[in-house]
Amino acid sequence: MTASGHPTSAPGPLPADTTEDVRARRPVMAVLPIGSFEQHGAFLPLTTDTVIACTIAREVAEGRPVQVLPPLTVSCSQEHAAWPGTVSISARTLHAVVTDIADSLHRSGIDTLILVNGHGGNYVLRNVVQESAGRGVRMALFPGSADWDAARTRAGVETPSHTDMHAGEVETSILLHSHPELVKEGYESADCVADGRKHLLTLGMSAYTESGVIGRPSLASARKGQELLAGLAEAFGEYLALFGDQGQDQDAADD
């Protein structure tokens, strides 16, 4: 619970579409939010990455021919295992689940899948996208590094991306804007800078931070969160254009 008594476990409502809703909207692609269930310091919930992935997915899908799927809420968080509450699956399991979802969408007539990844430790998703070529389903990983960089500049984020690794300025800002009830008191004094993380994958996060935070959440604001999401929504237009011939082909077929 937050200090005001609000629950901290729910990533927001699941998609409420019926089959008829999907048919009427005629989506040309699907968006799959992928988060995690891992520690985010003492002031953000275990579901932070999932909440953020869902928030981004809803933002980029607004008014567009996109089907938003329910999120994957547990992923590859092994580097956070030192903190209670963190739950992980293997990279091979995540690979298999995402591939199965893509295959299922293909059978139902949707041949483009965008993975909206909210957790930096899901490295295997790059391989999933790489391997999708030639399998009948076109895939992309969003947001990419360039998308985040542009959104950070637009929002006036002060912390460099390497420093702002976990529960820092960006993540806290997005939740302050989209789900302020999930942010506990204390983020204002929780800064932890640990730029020398050469062996993080070997040693885990606990070798570099006692609190679980790596970044400067004290610099977060709801305004920055709003601008970050607006920047990502704008960047998503490039992905729609990349796969836009599907929508054109569908319109031609309907004519």
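A crossing of two helices is called left-handed if the near helix is turned anticlockwise from the far one by less than a right angle, and right-handed if it is turned clockwise. With that in hand: this is a predicted model, and in it helix H5 passes helix H8 in a right-handed crossing.

I will stay with that pair for a moment. H5 covers residues 145-155 and H8 covers residues 222-242; the two pack at an angle of about 140°, and their axes are 8 Å apart. H5 and H8 are therefore oblique to each other. On the H5 side, the contact is made by Asp147, Trp148, Ala151, Arg152, Arg154 and Ala155. H8 brings in Arg223, Lys224, Glu227, Leu228, Ala230, Gly231, Leu232, Glu234, Ala235 and Tyr239. By class, the residues of this contact are 8 nonpolar, 1 polar and 7 charged.

H8 has another helix packed against it, H6. The axes of H6 and H8 come within 7 Å and cross at roughly 95°. An angle of 65 to 115 degrees counts as roughly perpendicular, and H6 and H8 are therefore roughly perpendicular to each other. Here Glu169, Val170, Ser173, Ile174, Leu176 and His177 of H6 meet Ala222, Lys224, Gly225, Gln226, Leu228 and Leu229 of H8. That contact divides into 6 nonpolar, 4 polar and 2 charged residues.

Next, the rings. The structure holds 4 aromatic pairs. One of them joins Phe142 and Tyr239, edge-to-face, at 4.9 Å centre to centre with 80° between the planes. Phe142 sits in strand S4, residues 138-142, and Tyr239 in helix H8, so this pair ties together parts that are 97 residues apart in sequence. Phe142 and Tyr239 are both buried. Tyr239 also pairs with Phe236: the ring centres are 6.1 Å apart and the planes are at 10°, so this pair is stacked. Phe236 and Tyr239 are both in H8, 3 residues apart, about one turn of the helix. Both of these residues are buried as well.

Last, a loop residue. Ala194 is found between helix H6, residues 169-178, and helix H7, residues 200-203. Is Ala194 buried or exposed? Its relative accessibility is 10%, and the cut-off for buried is under 20%, so Ala194 counts as buried. Apart from neighbours within four places in sequence, Ala194 is in contact with Tyr208 and Ile214. For scale, Ala194 and Ile101 are 93 residues apart in sequence, and their C-alpha atoms are 37 Å apart in space.

Conventions
Residues numbered from 1 in each chain as written. Predicted model: local features only at pLDDT ≥ 70, side-chain atom pairs only at ≥ 80, totals over all residues. Heavy atoms only, no water. Axes fitted to C-alpha atoms, helices over the stretch in contact; angles between N-to-C directions. Helix = DSSP H or I, 4+ residues; strand = E, 2+ residues; numbered from the N terminus. Parallel < 35°, antiparallel > 145°, perpendicular 65-115°, else oblique. Contact = heavy atoms within 4.5 Å. Nonpolar A, V, L, I, M, F, W, Y, C, P; charged D, E, K, R; others polar. Buried < 20%, exposed > 50% of the residue type's maximum accessible area, 1.4 Å probe, protein only. Phe/Tyr/Trp six-rings, centres within 6.5 Å; stacked < 30°, edge-to-face > 60°.
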